[in-house]
Every structure is written in structure tokens, then in C-alpha cells.
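Below are questions and answers on salt bridges and strand pairing. The coordinates come first.

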Amino acid sequence: MAFHHISLLTVVMVFALRSTVEGRSTGALRAACFTLTPQHGQNAPSTPNPGYMIDVSSSFYMPGGHVQVTVTGPNVWRGHLLQARNVNSGAIVGTWDNLGDNQILDCNPGSSVTHTNSMDKNILNVTWVAPDNGAGNIFFVVTIVQEFTIFHVNISSEVVTEVIKTTTMEPTTTTMEPTTTTMEPTTTTMEPTMEPTTTTMEPTTTTMKPTTTTQEPVFDQVDPMFCMNEAGDTMYEPMPGTNCKKYIEIIVAENRSFVRDAAPGTAWDTKICNGNFPFFVRCAVP
């Protein structure tokens, strides 16, 4: 009797552990919100990315605006986790609409889009809704799960720039009515031997030109906060206080980091994940 009790307990523990590490076919678990890595046991992300990509409908947005986001790839997949993140802080930002056969995963703070079933998929097409007060410059990032042992993480889009709302003043036009001054004729009559004299002054008109003032919109953009190598196993981010002349190399799997110097005469550019002429670098952490 004791043997059966121990066997049943073992089965329950193994089932619980398997459920914890594998996630669900009906959507990503909340534990994957910040790492974007599926809980698939000891399986590691597959590299390199075979060609999955994120397309956006616009390279800029305004607070409260919408951006259409489309994910496609060379192979069908079964699961996904899509987010919008701030390029400086990495925070998950915005909400989602037009989900189709998808659902919202509440990451608190922020929300993500994930699948609802394990059927084959060949496109993900949803709408990102910006916060009313804006979210700064952003990028979209997705994890694609082809099958349990094959998945690709941190597939990123181009940077989408926030356009700051500006107040444009309507042209102001001031027109003064013409002013006309007419003097009555003055007639002086002298003795019959002299002819009458008449003086008339012409009217005077003054018109002021309209004045127009228009304020142009202002744009703001800095480089991303970090970038990944093509293998997806190493992260790079500029070192604060060095104006991108130094950067931090992070070996993700080993949880180790190193401080590196950019090549002489260059600065670390997170847009291309390499050194670049300082003129082209907008350092996120000067």
C-alpha cells in the first residue's frame, strides 16, 4: 500500500514540474514576459534566425496613435510572444488591438500578444496602440516557437520614433479699416474784383499687412539601449558615463559581463551592434 502511495506522489510531482517548465499550447506563460524565453525544459534558443521578421506600417508614431505590426517567416510556427519595448529602458509599453486569433498576456506592467492554440501559423498581424502620453522611441520584439525544441528569441524590428505633439498657432491676420479724412472746401470771397479761392484735401488711407506665425513639429530620437549578436547569445549595451566610447559585453548563457573599449576613433553604435564614427552615434546613456 505504501508503494502505491509513493508511486502516485511521484507521478503528481513529475506532472506538476513538466507543466511548470513547458508552458502551454494555449499561450505563453507570464514567466516569459521579461526574458522572452519559453519555459521548455533544458532546451536553448535556436540560432541563427532562419528569416523570421517584423514589419511595421510606419517608422514613427504620435501619442495615442496606432502602428500595424506584421510577423512573417520562411516556416510555419505554433506559438509566439510579441511585445513593444522602450529603446532606452527596455520597459514593455502600449496596448494591442485587432487581435484576431490571438490573446493578450498581462505582463504587469505592460501587455504582450500570444497565441491561443498550437495550430500551424504563417503570419501574425495585430495593431499596437500607443499610450496617450507617449512611450518614447520603441521597437517591437518577438519570440517564435516552431516546435517544442526549436524556438527563436529576441527577433527585433526597426526603431519606431515618437513624434512629440506640438501646438500650431493659427495664422493671425489684423486688418485695419481704411481711414478717410475729407476736409470741407473752404471758400473765401473777396471784393468783387477778385475770383473765389477753393482748397480741397485728398483722403488718406492706411492698411496694415497680416502677420502669420506657425510653429514646426519637433522630432526626438536616440539610439537603442542594447543590441544582440546574430547568434542571440551575447548582448551589448553602452557603458554609462563614457559617451559610448566603452560598452558592456554580456554572455547571456553564462551570466557574465565584460567592459570593452570601442575601437580607437569610434563609438559603440547599438543600431548596428558595432563600432561607428561618433558623428553617427546618438548615445542612449552619455
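Buried means under 20% relative accessible area, exposed over 50%, and partly exposed in between (1.4 Å probe, protein chains only). This is a predicted model, in which local features need pLDDT of at least 70, side-chain atom pairs count only at pLDDT 80 or more, and totals for chains, interfaces and linings use all residues. Residues are numbered from 1 along each chain as its sequence is written, and side-chain values use heavy atoms, with hydrogens and water left out.

Q: How many salt bridges does the structure hold?
A: A salt bridge is a side-chain nitrogen of Lys or Arg within 4 Å of a carboxyl oxygen of Asp or Glu. By this criterion the number in the structure is five.

Q: Which strands hold K246 and D261?
A: The side chains of K246 and D261 form a salt bridge, 2.4 Å from N to O. Strands here are DSSP runs of E with at least two residues, numbered from the N terminus. The two residues are 15 apart and link distant parts of the chain, K246 lying in β17 (residues 246-251) and D261 in β18 (residues 256-261).

Q: What is the relative accessibility of E254?
A: E254 meets R256 in a salt bridge, 2.4 Å from N to O. R256 is partly exposed at 43%. E254 is partly exposed too, and its relative accessibility is 47%.

Q: Is D269 buried or exposed?
A: D269 forms a salt bridge with K271, with the closest N and O atoms 3.1 Å apart. K271 is partly exposed at 45%. The relative accessible area of D269 is 0%, so this residue is buried.

Q: Which strands stand at the edges of the open sheet?
A: Four strands form this sheet in the order β1-β3-β8-β5, with antiparallel pairing. Two strands pair if DSSP finds at least two bridges between them.

Q: Which residue in β8 stands opposite T95?
A: β5 and β8 (residues 121-129) run antiparallel and are joined by three bridges. Strands of a sheet pair through backbone hydrogen bonds, either parallel or antiparallel. Opposite T95, the residue in β8 is V129.
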